[in-house]
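Reader: I would like to learn how to read the features of a protein model, one at a time. Could you take me through them slowly?

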Amino acid sequence: MGKNRNIVIILILVALTALISGCSSSMDGQGTPTDKNTVLIQDYKFQPSEITISMGESVTWINKDSVKHTATGDSFDSGLLGKEESFKQTFNEAGTFDYICTPHPYMKGKVIVK
Ligand SMILES: [Cu+2]
């Protein structure tokens, strides 16, 4: 009886360890740590919807939804991004660049390049 109990405790510990390591690895997968200009596509929204960067910098979009989204402007198009897929675009011109998601045109975002 005591042996069974130990097994149960070990199983719980193993499950907890798996959970904890699973969480931390998914946190590592969040964003691209080297790119400070990251826009998450989540809940049918660009977050943040407006981002300001300096000329020559790039913006990385990461889709967090199960639904496919795009980041599509006049001068760039991510194409359809599945969950956890990302798209990086460099902006070498100053200006305001509006963009939408092609399948959901009500999703709007803006990149301001200074
Ligand atoms: Cu979309």
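Author: We shall go through the metal site, the aromatic rings and the salt bridges in turn. This is a predicted model, in which local features need pLDDT of at least 70 and side-chain atom pairs count only at pLDDT 80 or more, while totals for chains, interfaces and linings use all residues. Residues are numbered from 1 along each chain as its sequence is written, and side-chain values use heavy atoms, with hydrogens and water left out.

Reader: Which residues are the protein donors of the copper ion?

Author: Donors are N, O and S atoms within 2.8 Å of the metal (3.2 Å for Na, K and Ca), and sites may look incomplete because water is not among the atoms. Here the copper ion has His69 (ND1), Cys101 (SG), His104 (ND1) and Met107 (SD) as its protein donors, at 1.9 to 2.7 Å.

Reader: What arrangement do the four donor atoms make?

Author: Ideal angles at a metal are 109.5 degrees for four tetrahedral donors. Four donors count as tetrahedral if all angles lie between 85 and 135 degrees. Around this copper ion the angles are 93 to 128°, so the arrangement is tetrahedral. His69 lies in the loop between β4 (58-63) and β5 (72-73) and Met107 in the loop between β7 (95-100) and β8 (108-113), so the pair ties together parts 38 residues apart in sequence; strands are DSSP runs (E, at least two residues) and helices likewise (H or I, at least four), numbered from the N terminus.

Reader: Are His69 and Met107 buried or exposed?

Author: Buried means under 20% relative accessible area, exposed over 50%, and partly exposed in between (1.4 Å probe, protein chains only). Both His69 and Met107 are buried.

Reader: How many aromatic pairs does a search of the whole structure find?

Author: A pair of aromatic rings is described by the distance of the centres and the angle of the planes. Rings of Phe, Tyr and Trp (its six-membered ring) pair if their centres lie within 6.5 Å, with planes under 30 degrees apart counted as stacked, over 60 as edge-to-face and the rest as tilted. The search finds seven such pairs, among them the edge-to-face pair of Phe76 and Phe91, at 5.5 Å centre to centre and 85° between the planes. Phe76 is buried at 4% relative accessible area, and Phe91 is buried at 4%.

Reader: Which residue forms a salt bridge with Lys64?

Author: A salt bridge is a side-chain nitrogen of Lys or Arg within 4 Å of a carboxyl oxygen of Asp or Glu. Glu84 is the partner of Lys64, with the closest N and O atoms 3.1 Å apart. Lys64 is buried at 13%, whereas Glu84 is partly exposed at 42%.

Key
Tetrahedral: all angles 85-135°; square planar, octahedral: opposite > 155°, others 65-115°.
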